[in-house]
Amino acid sequence: MARKGSKKESNYKEFTFDGKEFKYTGRIYPDNAKETKKCDIIPFSLCLNGVITIKGMKLWRSDKNSWITGPSYQSGDDYKDYLYIDKDFKEMDKLVEELEKIPDAE
């Protein structure tokens, strides 16, 4: 449980996006973003239809494009995904666009 007033609890932006397949809600944490040489990584949590919540999601932003990844774990030198998103599921592209509109997530 996060402490009251901690960075994780207090500095987030809530979002809602009605997609074709799901209603997406969640929290994005722009203050917890990490910068690498090639991109920014912004953590967020995602709830589908108010039923399933996925923590450990990330919005990756580079100069050329943006994308979403799910939670993962390290196995040796590789990272393995806990969550797989079908590349044909184009609704995730629209969710990326919605997340980019949130102030401070840019």
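Biologist: Buried means under 20% relative accessible area, exposed over 50%, and partly exposed in between (1.4 Å probe, protein chains only). So is lysine 101 buried or exposed?

Modeller: Exposed, because lysine 101 has 57% relative accessibility. This is a predicted model, where local features need pLDDT of at least 70 and side-chain atom pairs count only at pLDDT 80 or more, while totals for chains, interfaces and linings use all residues. Residues are numbered from 1 along each chain as its sequence is written, and side-chain values use heavy atoms, leaving out hydrogens and water.

Biologist: What does lysine 101 form a salt bridge with?

Modeller: Its side chain meets that of glutamate 98, at 3.2 Å, N to O. A salt bridge here is a side-chain nitrogen of Lys or Arg within 4 Å of a carboxyl oxygen of Asp or Glu. Glutamate 98 is partly exposed, at 27% relative accessibility.

Biologist: How many salt bridges are there?

Modeller: Three. One of them joins arginine 27 to glutamate 14, with the closest N and O atoms 3.4 Å apart. Arginine 27 is in strand S2 and glutamate 14 in strand S1, so the bridge ties together parts 13 residues apart in sequence. Strands (E, at least two residues) and helices (H or I, at least four) are DSSP runs, numbered from the N terminus.

Biologist: Which ring does the charged end of arginine 27 sit over?

Modeller: That of tyrosine 12, 4.0 Å from the ring centre. The rule asks for NZ of Lys or CZ of Arg within 6 Å of the ring centre and within 35 degrees of the ring normal.

Biologist: Change of topic. How many residues are in the largest nonpolar core?

Modeller: 17, with Phe44 and Leu59 among those with the most contacts inside it. Such a core is a set of buried Ala, Val, Leu, Ile, Met, Phe, Trp, Tyr and Cys residues joined through side-chain atoms within 4.5 Å. Elements giving two or more residues to this core include strand S4 (39–48) and helix H2 (91–100).

Biologist: And aromatic pairs, how many?

Modeller: Seven. Rings of Phe, Tyr and Trp (its six-membered ring) pair if their centres lie within 6.5 Å; planes under 30 degrees apart are stacked, over 60 edge-to-face, the rest tilted. Phenylalanine 15 and phenylalanine 44 have ring centres 6.2 Å apart and planes at 70°, so this pair is edge-to-face. Phenylalanine 15 is in strand S1 and phenylalanine 44 in strand S4, 29 residues apart. Both are buried.

Biologist: What about tryptophan 60 and tryptophan 67, stacked or edge-to-face?

Modeller: Stacked, 6.0 Å centre to centre with 10° between the planes. Tryptophan 60 is partly exposed, at 23% relative accessible area, and tryptophan 67 is partly exposed at 32%.
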